[in-house]
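This report describes selected features of one protein chain.

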Amino acid sequence: MTGTAAPFAADDYRARMERAARSAAEAGLAGLLVAPGPDLVWLTGYAPTAVTERLTLLVLAHGQDPVLVVPTLEAPDAGKAAGASALTLRDWTDGKDPYAATAALLDAGGRFGISDNAWAMHLLGLQKTLPGTSYASLTDALPMLRAVKDTAELELLAAAGAAADATFEEIRKVPFGGRRESEVAADLAGLLRRFGHSQVDFTIVASGPNGANPHHEVGDRVIERGDMVVLDFGGLKDGYGSDTSRTVHVGEPTDEERRVHDLVRAAQEAGFRAVRPGVPCQEVDRAARAVIADAGYGEYFIHRTGHGIGVTTHEPPYMIEGEEQPLVPGMCFSVEPGVYLPGRFGVRIEDIVTVTEDGGRRLNDITREMVIVD
């Protein structure tokens, strides 16, 4: 993971590690093993400049002090991390067995949660050293580990959302007609960085028939007058994510295009209105989907209504049928219904929403009305 970690103090990281270890114990796990990536950044503030074949692993277990196993040559950088004073560094040198060093910290017969992005060679190395252990991915074992944000995290997410809003307000002023999708995407990336993003994760510009592909790869298609254009863009600002979608039109839209856009806007509003504590995640999806289905376009809404966001732009919880996890104040996620008409056009409208004590709050304030561009 790249990007700048948010400016939290050692006590913040200590509290997160304690909560994670406690949650692991409550889930029946002997502990957590956290490899470099977003979970390690969130728990310790440490993001190695390069992730290599050398083992780096945070070991958390309830009732034990956190230990970060690191290569000796990377220990100085790890020691500078914001959360370093809340853990113990245990370094290992080239030529030594890092799995033996790690095994000494583990219950030889325990079941551990392990980062989804841990390298297979490291997991297999641990299994070979401790054949009595077993493992579960963190997404399966503790899917809500990072889901509920504290006040400082909410402020950072709101700032990232405001930066994305500013990006849209500027991009709507640039020429679209006669330019390639890739050129507008480059404009989006530049604007995100201008407004404080250190990392740009995606800049989808899907014009005309390309808009019917929700994850269209930006290409060299020349945007034409009369095109609907789906814009979906986001990344990390101060370590926290933005993700916003709006659909604009080059010149005046047809009555059908306005009707479909209005339908998606109504579905997005319905999804947002469904947000309140205690409501299962799937109810947000159901609320948005019902509006589109009732209008006869249900088969053209082909993805979930939303996904969580935090130190990554996609993470649990997910607003999808079958997800019964109740909403909790502090959760943040997208609400982004869409309609995709193959070979013709697509429409998607997306805001990041956080759950409050009595409902929901949008972290994007830009218009959801149809925007006409040149």
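Is Cys-281 buried or exposed? In this predicted model, Cys-281 is buried, with a relative accessible area of 0%.

**Cysteines**

Cys-332 likewise counts as buried, because its relative accessibility is 0%. A disulfide is a covalent bond between the sulfur atoms of two cysteines. How many disulfides does a search of the whole structure find? The search finds 0 disulfides. For Cys-281, the closest cysteine sulfur belongs to Cys-332 and is 12 Å away, which is too far for a bond. Starting from Cys-332, the closest cysteine sulfur is that of Cys-281, again at 12 Å and too far for a bond.

**Helix H5 and its surroundings**

Which residues of H5 are buried? They are His-122, Gly-125 and Leu-126. Seen down the axis of H5, these buried residues fall within an arc of 95°, so they line one face of the helix. The face turned away from this buried side carries the exposed residues Ala-120, Leu-124 and Lys-128. The buried residues of H5 pack against strand E1 (31-34), strand E2 (57-60), helix H4 (98-103) and strand E6 (134-137).

Helix H4 contains Thr-102, a residue that counts as buried at 0% relative accessibility. Apart from neighbours within four places in sequence, Thr-102 is in contact with Leu-55, Leu-57, Val-59, Val-69 and Leu-126. Leu-126 is one of the buried residues of H5.

The loop between H5 and E6 holds Leu-130. At 12% relative accessibility, Leu-130 counts as buried, because buried means under 20% relative accessible area. If residues up to four places away in sequence are not counted, Leu-130 touches Ala-103, Leu-106 and Ala-108. Between Leu-130 and Arg-19 there are 26 Å in space, C-alpha to C-alpha, and the two are 111 residues apart in sequence.

Trp-119 is placed in the loop between strand E5 (111-114) and helix H5 (120-129).

**Backbone features**

Where is Asp-238 found? Asp-238 is in the loop between strand E8 (228-237) and strand E9 (240-250). Although Asp-238 is not a glycine, it has a positive phi of about 50°. Asp-238 is partly exposed, its relative accessible area being 33%.

A further backbone feature involves two prolines: Pro-316 and Pro-317 are joined by a cis peptide bond, with omega about 5°. Pro-317 lies in strand E11, which covers residues 315-319.

**Accessibility of selected residues**

The table gathers values for residues discussed above.

| Residue | Relative accessible area | Class |
|---|---|---|
| Cys-281 | 0% | buried |
| Cys-332 | 0% | buried |
| Thr-102 | 0% | buried |
| Leu-130 | 12% | buried |
| Asp-238 | 33% | partly exposed |

Conventions: Residues are numbered from 1 along each chain as its sequence is written. This is a predicted model: local features need pLDDT of at least 70, side-chain atom pairs count only at pLDDT 80 or more; totals for chains, interfaces and linings use all residues. Side-chain values use heavy atoms; hydrogens and water are left out. Helices (H or I, at least four residues) and strands (E, at least two) are DSSP runs, numbered from the N terminus. A disulfide is a pair of cysteine sulfur atoms within 2.5 Å. Buried means under 20% relative accessible area, exposed over 50%, partly exposed in between (1.4 Å probe, protein chains only). The arc is that of the directions from the helix axis to the C-beta atoms. Contact means heavy atoms within 4.5 Å.
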